[in-house]
Amino acid sequence: MDEHMVMPRHVAIILDGNGRWAKARKMPRNYGHAEGAKTVEVICEEAYKMGIQYLTVYAFSTENWSRPKDEVDALMKLLRNYMKTCLKTAEKNRMCVRVIGDVSRLDEDLRVRIAELEEATKDNDGLHFQVAINYGGRDEVTRAVRGLVRQAAAGELKPEDVTEERISAGLDTAGIPDPDLLIRTCSEQRISNFLLWQLAYTEFYVTPVAWPDFTKEELLKAVEAYNHRNRKYGGLKEE
(Lines give C-alpha, C1' and ligand atoms only; values in the text may rest on other atoms or scores of the structure.)
Protein backbone atom coordinates (compact mmCIF):
# COMPACT_ATOMS: atom_id res chain seq x y z
CA MET A 1 0.00 0.00 0.00
CA ASP A 2 1.30 3.48 -0.92
CA GLU A 3 2.43 5.19 2.30
CA HIS A 4 1.34 8.58 0.88
CA MET A 5 -2.22 7.39 0.35
CA VAL A 6 -4.86 9.39 2.22
CA MET A 7 -7.17 7.03 4.09
CA PRO A 8 -10.87 7.94 4.20
CA ARG A 9 -11.90 8.34 7.82
CA HIS A 10 -15.36 6.83 7.26
CA VAL A 11 -16.31 4.29 4.59
CA ALA A 12 -19.94 3.26 3.98
CA ILE A 13 -20.79 0.16 1.95
CA ILE A 14 -23.99 -0.96 0.24
CA LEU A 15 -23.57 -4.75 0.23
CA ASP A 16 -25.04 -5.83 -3.09
CA GLY A 17 -25.07 -9.02 -5.12
CA ASN A 18 -25.35 -11.79 -2.51
CA GLY A 19 -28.36 -13.33 -4.25
CA ARG A 20 -26.91 -13.03 -7.76
CA TRP A 21 -23.60 -14.45 -6.56
CA ALA A 22 -25.41 -17.51 -5.14
CA LYS A 23 -27.60 -17.95 -8.23
CA ALA A 24 -24.51 -17.96 -10.47
CA ARG A 25 -23.28 -20.90 -8.36
CA LYS A 26 -26.69 -22.65 -8.51
CA MET A 27 -27.09 -22.13 -4.76
CA PRO A 28 -30.03 -20.58 -2.84
CA ARG A 29 -30.00 -16.82 -2.19
CA ASN A 30 -29.65 -17.43 1.54
CA TYR A 31 -26.29 -19.10 0.91
CA GLY A 32 -25.15 -15.84 -0.68
CA HIS A 33 -26.30 -13.86 2.37
CA ALA A 34 -24.37 -16.20 4.69
CA GLU A 35 -21.20 -15.84 2.60
CA GLY A 36 -21.75 -12.08 2.51
CA ALA A 37 -21.80 -12.02 6.33
CA LYS A 38 -18.36 -13.69 6.35
CA THR A 39 -17.08 -10.99 3.99
CA VAL A 40 -18.25 -8.32 6.47
CA GLU A 41 -16.04 -9.92 9.16
CA VAL A 42 -12.99 -9.87 6.87
CA ILE A 43 -13.51 -6.30 5.68
CA CYS A 44 -13.99 -4.99 9.24
CA GLU A 45 -10.56 -6.33 10.14
CA GLU A 46 -8.85 -5.20 6.93
CA ALA A 47 -10.39 -1.72 7.05
CA TYR A 48 -9.12 -1.12 10.56
CA LYS A 49 -5.62 -2.41 9.67
CA MET A 50 -5.59 0.07 6.77
CA GLY A 51 -6.39 2.97 9.08
CA ILE A 52 -10.10 3.43 8.38
CA GLN A 53 -11.77 4.54 11.62
CA TYR A 54 -15.50 4.19 10.79
CA LEU A 55 -17.22 1.55 8.67
CA THR A 56 -20.98 1.50 8.03
CA VAL A 57 -22.69 -1.35 6.18
CA TYR A 58 -26.25 -1.59 4.83
CA ALA A 59 -27.46 -4.98 6.08
CA PHE A 60 -31.27 -4.79 5.94
CA SER A 61 -33.34 -1.93 4.57
CA THR A 62 -36.90 -0.86 5.41
CA GLU A 63 -37.78 -2.09 1.88
CA ASN A 64 -36.35 -5.57 2.48
CA TRP A 65 -39.50 -6.65 4.38
CA SER A 66 -41.20 -6.98 0.98
CA ARG A 67 -38.91 -9.88 0.02
CA PRO A 68 -40.30 -13.46 0.18
CA LYS A 69 -41.01 -14.50 3.79
CA ASP A 70 -38.54 -17.40 3.79
CA GLU A 71 -35.74 -15.03 2.68
CA VAL A 72 -36.67 -12.42 5.33
CA ASP A 73 -36.79 -15.16 8.00
CA ALA A 74 -33.39 -16.46 6.90
CA LEU A 75 -31.94 -12.93 6.95
CA MET A 76 -33.26 -12.40 10.48
CA LYS A 77 -31.74 -15.70 11.61
CA LEU A 78 -28.47 -14.67 10.00
CA LEU A 79 -28.58 -11.31 11.80
CA ARG A 80 -29.17 -13.08 15.13
CA ASN A 81 -26.13 -15.30 14.55
CA TYR A 82 -24.12 -12.35 13.29
CA MET A 83 -24.78 -10.38 16.50
CA LYS A 84 -23.20 -13.28 18.44
CA THR A 85 -20.21 -13.49 16.10
CA CYS A 86 -19.86 -9.71 16.15
CA LEU A 87 -19.59 -9.71 19.96
CA LYS A 88 -16.65 -12.16 19.79
CA THR A 89 -14.98 -10.15 17.02
CA ALA A 90 -15.51 -6.92 18.95
CA GLU A 91 -13.89 -8.38 22.06
CA LYS A 92 -10.88 -9.49 20.01
CA ASN A 93 -10.50 -6.34 17.91
CA ARG A 94 -11.74 -3.69 20.39
CA MET A 95 -14.52 -2.84 17.90
CA CYS A 96 -17.24 -0.36 18.90
CA VAL A 97 -20.54 -1.53 17.36
CA ARG A 98 -23.69 0.50 16.80
CA VAL A 99 -26.90 -0.50 15.00
CA ILE A 100 -28.64 2.25 13.04
CA GLY A 101 -32.23 2.06 11.84
CA ASP A 102 -35.63 1.59 13.44
CA VAL A 103 -35.10 -1.48 15.63
CA SER A 104 -38.65 -1.28 17.05
CA ARG A 105 -39.96 -3.54 14.26
CA LEU A 106 -37.46 -6.31 15.05
CA ASP A 107 -38.31 -9.26 17.31
CA GLU A 108 -37.62 -8.69 20.99
CA ASP A 109 -34.79 -11.25 21.23
CA LEU A 110 -32.93 -9.52 18.39
CA ARG A 111 -33.46 -6.11 20.00
CA VAL A 112 -32.04 -7.49 23.26
CA ARG A 113 -29.00 -8.89 21.43
CA ILE A 114 -28.42 -5.54 19.72
CA ALA A 115 -28.65 -3.66 23.04
CA GLU A 116 -26.22 -6.12 24.69
CA LEU A 117 -23.76 -5.81 21.82
CA GLU A 118 -23.86 -1.98 21.87
CA GLU A 119 -23.50 -1.86 25.65
CA ALA A 120 -20.61 -4.36 25.72
CA THR A 121 -18.63 -2.53 23.01
CA LYS A 122 -19.44 1.15 23.66
CA ASP A 123 -16.06 1.94 25.27
CA ASN A 124 -13.95 0.03 22.74
CA ASP A 125 -11.34 2.14 20.94
CA GLY A 126 -10.92 0.13 17.74
CA LEU A 127 -12.99 0.34 14.55
CA HIS A 128 -16.34 2.14 14.91
CA PHE A 129 -18.64 -0.27 13.11
CA GLN A 130 -22.22 0.72 12.25
CA VAL A 131 -24.70 -1.89 10.98
CA ALA A 132 -27.86 -0.56 9.30
CA ILE A 133 -30.79 -2.87 10.17
CA ASN A 134 -34.38 -1.96 9.21
CA TYR A 135 -32.79 1.25 8.01
CA GLY A 136 -34.12 3.75 5.49
CA GLY A 137 -32.71 7.25 4.96
CA ARG A 138 -36.13 8.89 4.63
CA ASP A 139 -37.40 6.99 7.68
CA GLU A 140 -34.38 8.18 9.67
CA VAL A 141 -34.93 11.84 8.71
CA THR A 142 -38.69 11.49 9.42
CA ARG A 143 -37.96 10.15 12.91
CA ALA A 144 -35.48 12.99 13.55
CA VAL A 145 -38.03 15.60 12.43
CA ARG A 146 -40.67 14.03 14.70
CA GLY A 147 -38.27 14.47 17.61
CA LEU A 148 -37.80 18.17 16.79
CA VAL A 149 -41.57 18.67 16.44
CA ARG A 150 -42.11 17.08 19.87
CA GLN A 151 -39.59 19.52 21.37
CA ALA A 152 -41.32 22.44 19.62
CA ALA A 153 -44.75 21.29 20.85
CA ALA A 154 -43.36 21.19 24.39
CA GLY A 155 -42.14 24.77 23.99
CA GLU A 156 -38.47 23.68 24.13
CA LEU A 157 -37.59 24.65 20.56
CA LYS A 158 -38.07 27.74 18.37
CA PRO A 159 -37.96 27.61 14.54
CA GLU A 160 -34.66 29.51 14.46
CA ASP A 161 -33.16 26.83 16.74
CA VAL A 162 -33.46 24.23 13.97
CA THR A 163 -29.99 24.02 12.43
CA GLU A 164 -28.13 21.43 10.36
CA GLU A 165 -26.23 20.49 13.52
CA ARG A 166 -29.45 19.92 15.47
CA ILE A 167 -30.90 17.77 12.68
CA SER A 168 -27.65 15.74 12.52
CA ALA A 169 -27.81 15.25 16.29
CA GLY A 170 -31.28 13.72 15.91
CA LEU A 171 -30.20 11.14 13.35
CA ASP A 172 -29.18 7.54 14.10
CA THR A 173 -25.60 8.49 13.24
CA ALA A 174 -25.34 11.30 15.83
CA GLY A 175 -21.70 11.83 16.77
CA ILE A 176 -20.37 9.87 13.77
CA PRO A 177 -18.59 11.81 10.99
CA ASP A 178 -20.24 11.73 7.56
CA PRO A 179 -18.82 9.11 5.15
CA ASP A 180 -15.90 10.19 2.98
CA LEU A 181 -16.39 7.24 0.63
CA LEU A 182 -19.43 5.14 -0.34
CA ILE A 183 -18.77 1.78 -1.99
CA ARG A 184 -21.51 -0.10 -3.82
CA THR A 185 -20.87 -3.58 -5.13
CA CYS A 186 -22.34 -5.53 -8.08
CA SER A 187 -22.43 -2.52 -10.46
CA GLU A 188 -25.57 -0.93 -9.01
CA GLN A 189 -25.59 2.88 -9.23
CA ARG A 190 -28.32 3.88 -6.80
CA ILE A 191 -28.25 5.25 -3.25
CA SER A 192 -31.25 3.03 -2.36
CA ASN A 193 -32.42 5.20 0.53
CA PHE A 194 -29.09 4.87 2.38
CA LEU A 195 -27.70 7.72 4.53
CA LEU A 196 -29.47 10.39 2.46
CA TRP A 197 -28.47 13.26 4.76
CA GLN A 198 -24.96 12.00 5.50
CA LEU A 199 -23.88 11.38 1.88
CA ALA A 200 -24.15 15.06 0.85
CA TYR A 201 -20.40 15.37 0.06
CA THR A 202 -19.37 11.74 -0.15
CA GLU A 203 -17.32 10.27 -2.99
CA PHE A 204 -19.00 7.26 -4.68
CA TYR A 205 -17.20 4.15 -5.91
CA VAL A 206 -19.04 1.42 -7.83
CA THR A 207 -17.51 -1.99 -8.54
CA PRO A 208 -18.85 -4.93 -10.58
CA VAL A 209 -17.62 -7.32 -7.86
CA ALA A 210 -20.45 -9.00 -5.92
CA TRP A 211 -20.23 -8.55 -2.14
CA PRO A 212 -19.23 -12.17 -1.28
CA ASP A 213 -16.20 -11.75 -3.59
CA PHE A 214 -15.18 -8.37 -2.11
CA THR A 215 -11.66 -8.59 -0.65
CA LYS A 216 -8.96 -6.45 0.94
CA GLU A 217 -7.60 -5.88 -2.59
CA GLU A 218 -11.00 -4.56 -3.74
CA LEU A 219 -11.13 -2.22 -0.73
CA LEU A 220 -7.66 -0.95 -1.63
CA LYS A 221 -8.83 -0.27 -5.21
CA ALA A 222 -11.71 1.81 -3.84
CA VAL A 223 -9.38 3.79 -1.57
CA GLU A 224 -6.95 4.35 -4.47
CA ALA A 225 -9.82 5.69 -6.61
CA TYR A 226 -10.84 7.93 -3.69
CA ASN A 227 -7.29 9.32 -3.62
CA HIS A 228 -7.54 10.37 -7.26
CA ARG A 229 -10.71 12.42 -6.68
CA ASN A 230 -10.85 16.15 -6.12
CA ARG A 231 -11.93 16.66 -2.52
CA LYS A 232 -12.45 20.44 -2.83
CA TYR A 233 -16.25 20.61 -2.69
CA GLY A 234 -17.55 22.76 -5.47
CA GLY A 235 -14.05 23.95 -6.27
CA LEU A 236 -11.76 23.40 -9.21
CA LYS A 237 -8.92 20.92 -9.12
CA GLU A 238 -5.64 22.77 -8.85
CA GLU A 239 -3.08 22.02 -11.53
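Which residue just after H2 takes a positive phi? I looked it up in this predicted model: Gly51 does, with a phi of about 105°.

**Helix H2**

While I was there, I checked the length of H2. It has 22 residues, and at 1.5 Å a residue they should span 32 Å. I got 31 Å between its end C-alpha atoms, so the two agree.

**The largest pocket**

Next I went looking for empty space. Rolling a probe the size of a water molecule over the atoms shows where some is left. The largest pocket holds about 640 Å³. I found 30 residues lining this pocket, and the closest to its centre are Leu15, Tyr58, Ala59, Asn64 and Arg67. Helix H2 (29-50) turns up again here: along with helix H1 (18-24), strand S2 (54-61) and helix H3 (69-93), it gives two or more residues to the lining. I sorted the lining residues by type and got 14 nonpolar, 9 polar and 7 charged.

Then I turned to the buried side chains. In soluble globular proteins, nonpolar ones tend to be buried together. The largest nonpolar core here has 44 residues, and Ile13, Leu55, Phe129, Ile133 and Ile183 touch the most other members. H3 gives the most to this core, with 8 residues. I also noted a second, separate core of 10 residues, with Ala12, Ile14, Ala132 and Leu195 among them.

**A closer look at Ile183**

I picked Ile183 and listed what it touches, leaving out residues up to four places away in sequence. My list has Val11, Ala12, Ile13 and Ile14, and also Tyr205, Phe214, Leu219 and Ala222. Two of these names, Ala12 and Ile14, I had already written down for the second core.

Methods:
Residues are numbered from 1 along each chain as its sequence is written. This is a predicted model: local features need pLDDT of at least 70, side-chain atom pairs count only at pLDDT 80 or more; totals for chains, interfaces and linings use all residues. Side-chain values use heavy atoms; hydrogens and water are left out. On a 1 Å grid over the protein atoms alone, a cavity is a set of points where a 1.4 Å probe fits but cannot get out, and a pocket is an open set with protein on both sides within 12 Å along at least five of seven lines; lining residues have an atom within 4 Å of a point. Grid points are joined across faces, edges and corners, and a volume is the space filled by probe spheres set on the points. Helices (H or I, at least four residues) and strands (E, at least two) are DSSP runs, numbered from the N terminus. Ala, Val, Leu, Ile, Met, Phe, Trp, Tyr, Cys and Pro count as nonpolar, Asp, Glu, Lys and Arg as charged, and the others, Gly among them, as polar. The expected span of a helix is 1.5 Å times one less than its number of residues. A nonpolar core is a set of buried Ala, Val, Leu, Ile, Met, Phe, Trp, Tyr and Cys residues joined through side-chain atoms within 4.5 Å. Buried means under 20% relative accessible area, exposed over 50%, partly exposed in between (1.4 Å probe, protein chains only). Contact means heavy atoms within 4.5 Å.
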